[in-house]
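Please look through the model below before reading on.

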Amino acid sequence: MSFIPGQPVSAVVQRIEIHKLYEGDNLILGFSIGGGIDQDPTQNPFSEDKTDKGIYVTRVSKGGPAEVAGLRLGDKIMQVNGWDMTMVTHDQARKKLTKKNEDVVRLLVTRKSLEETVRQSMMQH
Amino acid sequence: MNNTKNQRDSDIQKKIDYEIRMREGACKLLAACSQRDQALEASKSLLTCNARIMAYMSELQRMKEAQVMQRVARRSSDAGPMDDRSPCKGKVAISDLRIPLMWKDTDYFKNKGELHRCAVFCLLQLGGEIFDTDMVMVDRTLTDICFDNTIVFNEAGPGFELRVELYSCCSEEDYSAGSTPRKLASKLSSSLGRSAGKKMRAALEPGACSATSNGGGATILLPVPSVQGPKYHLLAHTTLSLSHVQDSFRTHDLTITGNEECSYWLPLYGGVCCRLAAQPHCMTQQMMSGCLRVKLGGEPQGWTNVYGVLKGTNLFCYHQKEDMEAKVEPVLTIGINKETRIRAAEKDPHSKAQNICITNQYGGEEVTHTLAADSREDTQRWMEAFWQQFFDMSQWRQCCDDLMKIELPSPRKPAIVTPKQGSLYHEMVIDKSDDIGTVTDILARRIEEFELRAQLGSPPHWMALFDEDPPHTPQHLPPHSPSPRLHSRQPRSPRCQRTPGLLSSNASLTSDSDSPASVSPCFRQAWSPVASSSSGRFRPRTLSLDAKLSTLRGRGYNGFRCNCQPPTASSVSPRPTQTALSCSSSTSSSSSSEGSNSQESDLGFSRPSGARRSLRILRAKLDPRNWLQSQV
């Protein structure tokens with residue numbers, strides 16, 4: 001998922017709708033994110049392109065709302081509730097995900113296997 | 001004479017045939033391959049093959065011409081005395097080529113530009129030998145083009161001319177859907193003006209590749225295959241010779257062909273830095289050896305028999321030949337260098353042949369050694385050898401001062417990928433479809449490798465990271481799963497330390513109580529046995545996967561990952577405190593309207609004072625080397 005600065009990015013995405021879960025006082029989603037434009041992209045173990053500063057899913061808690069909704073380890077989050085996640089700082093991303101007054105987040109995520117799946121299914125026709 | 005000529009002829013012919021075969025192979029590969037990288041490599045080999053074929057054919061041509069000339073000369077008159085001494089050949093090596101680039105700052109900060117990438121490589125030619133370096137992809141992020149290859153040319157004369165040519169080929173990235181506007185944009189940006197276009201077209205003519213037809217002889221006019229695929233263009237060139245040879249790095253000027261409008265253009269600074277070393281054979285090989293007699297001491301009859309070996313800047317005298325082979329120290333070493341004077345002395349009445357006197361200046365003193373060979377022919381041969389040595393040294397000049405080291409390139413370097421990553425995490429190939437269980441297995445195996453168990457005396461606590469019911473739960477870490485949000489508590493950020501040095505300050509955090517002394521400092525940070533915690537509500541305190549792995553390797557820096565989110569102390573812990581520490585956010589409002597409920601609730605752990613923790617958290621967050629992860 002390489003990109004050129006200033007050019008539109010295109011990717012095959014999957015819609016994932018996560019319903020937050022109340023845990024005590026907190027609403028949780030059940031995964032962790034890493035990355036951001038203020039982070040060092042070379043330390044991202046999930047990105048294909050080591051200059052990619054996008055937000056990636058670095059951990060999914062078992063049985064949590066994210067896993068149930070279909071989020072997988074290593075996914076790159078492109079949008080959260082319409083907010084772009086490809087060019088945000090780490091904290092901005094975290095904030096967009098953890099808004100208190102929202103209990104559903106709709107993500108657009110992409111992963112390598114999606115592209116391949118689409119390509120394969122296209123080849124079959 | 002004729003035989004050797006024919007031999008050389010057939011040698012060259014064989015080489016030509018070989019290169020033709022290679023070229024055909026490269027053409028086929030070029031036609032067949034789909035990947036851009038492969039195409040670039042194949043095109044490079046094609047260019048190299050073409051260059052080699054041309055070189056061989058021109059050499060054939062020259063040889064034939066020389067043959068004809070000789071025949072003419074022999075017929076016309078007897079050739080003059082072959083007085084001309086020819087200098088010895090040598091090895092020339094060029095290594096560590098580095099070509100600095102000079103990007104304009106507008107290039108660098110351009111938002112609209114495509115990431116202009118070029119594939120470049122160097123072609124080096126000396127005499128009949130042509131070598132190419134590996135291909136390097138160059139884009140805006142590089143400051144220099146570096147070629148790691150060491151190229152060694154054998155059989156170079158002192159008047160050698162080493163031609164260095166830099167070829168480059170524009171490489172457009174291939175993009176999936178939605179690339180139409182981009183293609184258009186790149187087409188527009190690389191469109192040429194009329195004059196530049198004419199130049200380009202001229203350059204694109206396969207003139208460079210066509211086989212030269214020669215006047216006579218049996219060389220074949222090779223058909224030039226027209227190939228699709230990436231074409232390399234000459235970007236810059238320079239010629240190096242003996243005056244550029246030095247035992248250290250030097251910068252040489254490059255002549256740049258091409259201009260900004262070419263697609264293959266790269267902003268070169270104008271120089272090339274490299275190490276050009278030469279080892280003339282007179283320095284590395286024995287030029288002469290034989291039995292000699294040396295007059296040692298002052299007595300007129302004090303002759304000692306030695307076995308003399310003339311090599312490099314010395315005449316080594318061994319007791320006997322076997323000593324030299326056994327690498328025993330020579331009895332006597334006489335320097336033969338530019339300052340040495342050698343003359344044949346007056347005929348000694350006692351001996352049959354003339355003596356050879358070698359005079360050197362050692363310090364301020366003149367020292368003369370007298371040698372004698374067994375017979376007049378031997379003396380003559382030795383004198384001849386000395387004269388040849390002097391001649392060689394005068395031809396090779398600075399190369400004969402000291403032997404320059406030439407490191408032969410290692411036969412096969414395995415392709416090195418990801419040089420930047422060094423953590424255990426990066427060595428583990430985690431397929432995205434893997435579940436954590438697989439990772440656990442990998443880690444378990446790694447643990448055994450590292451024998452951490454031995455060190456710790458207990459199963460690593462982080463194993464509890466992955467399982468709800470960890471199979472080997474450490475006694476003092478009973479898992480507790482009150483909620484689905486179970487494993488991976490985010491680590492206490494202060495514990496995520498970048499360097500072991502800082503660790504001590506952190507050890508004070510809950511972990512100070514009983515970190516096992518035997519544990520490496522980095523690991524200490526990973527865990528604090530919950531035994532220190534006071535209250536009963538346990539959560540297995542876990543660090544994120546990456547932080548653990550990095551501690552396993554004991555690396556403070558690379559691969560150090562930590563979650564540097566300030567952990568929620570307890571339900572009563574003041575939220576404002578932790579959000580105030582959120583340094584990445586410009587808003588310093590303590591009202592955590594975004595609800596940083598992302599923090600774990602690490603209940604049951606004794607907390608240090610808020611100030612110390614917050615300072616640590618701040619420091620950890622500010623460190624750019626940490627790759628933040630947040631739990632949401």
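1. Beyond its neighbours within four places in sequence, Phe160(B) is in contact (heavy atoms within 4.5 Å) with Val92(B), Leu126(B), Leu240(B), Ser241(B), Leu242(B), Val245(B), Leu276(B) and Trp396(B). This is a predicted model, in which local features need pLDDT of at least 70 and side-chain atom pairs count only at pLDDT 80 or more, while totals for chains, interfaces and linings use all residues. Residues are numbered from 1 along each chain as its sequence is written, chains are lettered from A and ligands numbered from 1 in the order in which they are written, and side-chain values use heavy atoms, leaving out hydrogens and water.

2. Phe160(B) is among the residues with the most contacts inside the largest nonpolar core, which has 49 residues. A nonpolar core here is a set of buried Ala, Val, Leu, Ile, Met, Phe, Trp, Tyr and Cys residues joined through side-chain atoms within 4.5 Å. Buried means under 20% relative accessible area, exposed over 50%, and partly exposed in between (1.4 Å probe, protein chains only). Strand 5 (residues 144–156) of chain B gives the largest share of this core, six residues; helices (H or I, at least four residues) and strands (E, at least two) are DSSP runs numbered from the N terminus. The core lies between domain 2 (88–172 + 227–281) and domain 3 (286–400) of chain B, because both give residues to it; the domain bounds come from an automatic or database domain assignment.

3. A second, separate core has 20 residues, including Leu29(A) and Leu107(A).

4. Asn44(A) sits in the loop between strand 4 (31–35) and strand 5 (55–60) of chain A. Asn44(A) is buried, at 1% relative accessible area. Leaving aside neighbours within four places in sequence, its contacts are Lys50(A), Tyr56(A) and Trp627(B).

5. Over all chains, the whole structure has 17 salt bridges, each a side-chain nitrogen of Lys or Arg within 4 Å of a carboxyl oxygen of Asp or Glu. In one of them, Asp9(B) pairs with Lys64(B), with the closest N and O atoms 3.6 Å apart. This pair links helix 1 (residues 2–32) and helix 2 (residues 36–76) of chain B, 55 residues apart. Asp9(B) is buried at 18% relative accessibility, and Lys64(B) is partly exposed at 24%.

6. Asp247(B) and Arg275(B) also form a salt bridge (2.5 Å, N to O). Asp247(B) is in the loop between strand 7 (233–240) and strand 8 (249–253) and Arg275(B) in strand 10 (residues 271–280) of chain B, so the pair ties together parts 28 residues apart in sequence.
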